[in-house]
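Biologist: I would like to learn how to read a model of this kind, one feature at a time. Could we go through it together, with the general idea before each case?

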Amino acid sequence: MSVLSRPYFHDEAAAFEHVEAMLWPQGPVCHHCGSMDKHYKLAGVRSKPSKKNPHGVERHGLYKCSACRAQFTVRMGTIFEESHLPLHKWLQAIHLMCSSKKGISSHQLHRVLECTYKTAWFLSHRIREAMRSDDFTPMGGNGKFVEVDETYIGRLAGVPKQRTGAAHKNTVLTLVERGGIARSFHIDSASVARVLPIVNANIHKESVFMSDDARVYDNIGPEFAAHGKINHGREEYVRGIVHTNTVEGYYSIFKRGMKGVYQHCAEHHLHRYLAEFDFRYSNRSAMGIEDNVRSLIVLKGTKGKRLTYG
């Protein structure tokens with residue numbers, strides 16, 4: 001049987017039950033007053049009649065709080081709030097984004113979900129917001145290796161394209177712990193002033209620091225237990241345990257997705273795409289996390305995150 005045969009991907013009531021089980025593990029919680037034990041479910045309530053739905057649409061998962069007398073659903077306070085898209089389609093979109101290694105375009109989502117392109121574009125950005133990690137615990141540690149590298153992608157608004165160099169491109173800095181997670185940052189330049197604070201805040205000082213021969217890392221490497229530096233300028237790529245192949249492997253997936261699937265990314269949205277690729281890499285199969293679990297992690301991440309565009 002297919003994964004997509006599960007009831008919560010097709011039935012709205014089942015979708016609400018699934019989301020409630022994940023976001024309310026101890027039972028419903030009133031979004032307005034925080035009450036956990038004084039509420040009751042409202043069954044059979046329908047929305048106002050419309051031209052598309054003359055008899056209205058049944059409002060699944062609707063509760064009323066006995067303490068404050070307000071109505072609420074599990075959608076409130078999540079990326080699902082104030083969305084007209086059925087919850088089961090949200091779950092389909094989350095699964096598709098979590099199971100697509102290089103991402104899935106908004107055009108593809110709008111065709112699969114049978115919604116407008118505008119809706120698909122907006123929901124994909126909301127899901128990326130749910131993928132964003134709030135864990136800023138330093139990476140690495142005693143005996144662990146953290147690789148650092150930068151890459152250039154896209155084009156800066158208002159900057160003419162140059163034949164050589166990357167001054168017209170967006171700069172991305174990525175930290176990858178071998179066998180662990182990845183964190184990427186959209187920065188304005190790969191200077192010591194911009195790179196050093198990020199590295200110091202995100203990498204444990206007892207880690208073994210791995211980088212290429214870029215001069216910016218000469219001033220950063222001594223801060224750590226050891227600094228392994230590979231010289232790409234001399235066509236050196238591996239010297240024993242010294243290499244940056246892990247972070248370059250991350251960039252390989254990232255660029256295939258950005259160029260082959262998404263094709264274009266505005267500068268002010270780049271950080272959201274980075275969050276998406278960081279999430280899938282940090283929750284990959286090699287770490288024992290498969291598509292279904294990855295989707296559940298995103299579902300838990302929907303709580304407390306809102307994204308609105310005017």
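Biologist: Which residues form one aromatic cluster?

Modeller: Some ground rules come before the answer: this is a predicted model, in which local features need pLDDT of at least 70, side-chain atom pairs count only at pLDDT 80 or more, and totals for chains, interfaces and linings use all residues. Residues are numbered from 1 along each chain as its sequence is written, and side-chain values use heavy atoms, with hydrogens and water left out. Rings of Phe, Tyr and Trp (its six-membered ring) pair if their centres lie within 6.5 Å, and planes under 30 degrees apart count as stacked, over 60 as edge-to-face and the rest as tilted. The cluster consists of Tyr 250, Tyr 251, Phe 254, Tyr 262, Tyr 273, Phe 277 and Tyr 281. The ring of Tyr 262 also has the charged end of Arg 128 over it, 5.1 Å from the ring centre, where a charge counts as over a ring if NZ of Lys or CZ of Arg is within 6 Å of the ring centre and within 35 degrees of the ring normal.

Biologist: How many aromatic pairs does a search of the whole structure find?

Modeller: The search finds 13 aromatic pairs. One of them, Tyr 8 with Phe 9, is tilted, at 4.8 Å centre to centre and 55 degrees between the planes. The rings of Tyr 250 and Tyr 251, by contrast, have planes at 65 degrees and centres 5.8 Å apart, so that pair is edge-to-face.

Biologist: Which residues of helix α3 are buried, and why are they on the same side?

Modeller: An α-helix has 3.6 residues a turn, so residues three or four places apart point the same way. Helices (H or I, at least four residues) and strands (E, at least two) are DSSP runs, numbered from the N terminus, and buried means under 20% relative accessible area with a 1.4 Å probe and protein chains only. In α3 (residues 106–113) the buried residues are Ser 106, Leu 109 and Leu 113. They share a side of α3 because they cover an arc of only 55 degrees around the axis, taken from the directions from the helix axis to the C-beta atoms.

Biologist: Which residues of strand β7 are buried on its two faces?

Modeller: In a regular strand the side chains alternate between the two faces of the sheet. In β7 (residues 208–211), Val 208 and Met 210 are buried on one side, and Phe 209 and Ser 211 on the other.

Conventions
Buried means under 20% relative accessible area, exposed over 50%, partly exposed in between (1.4 Å probe, protein chains only).
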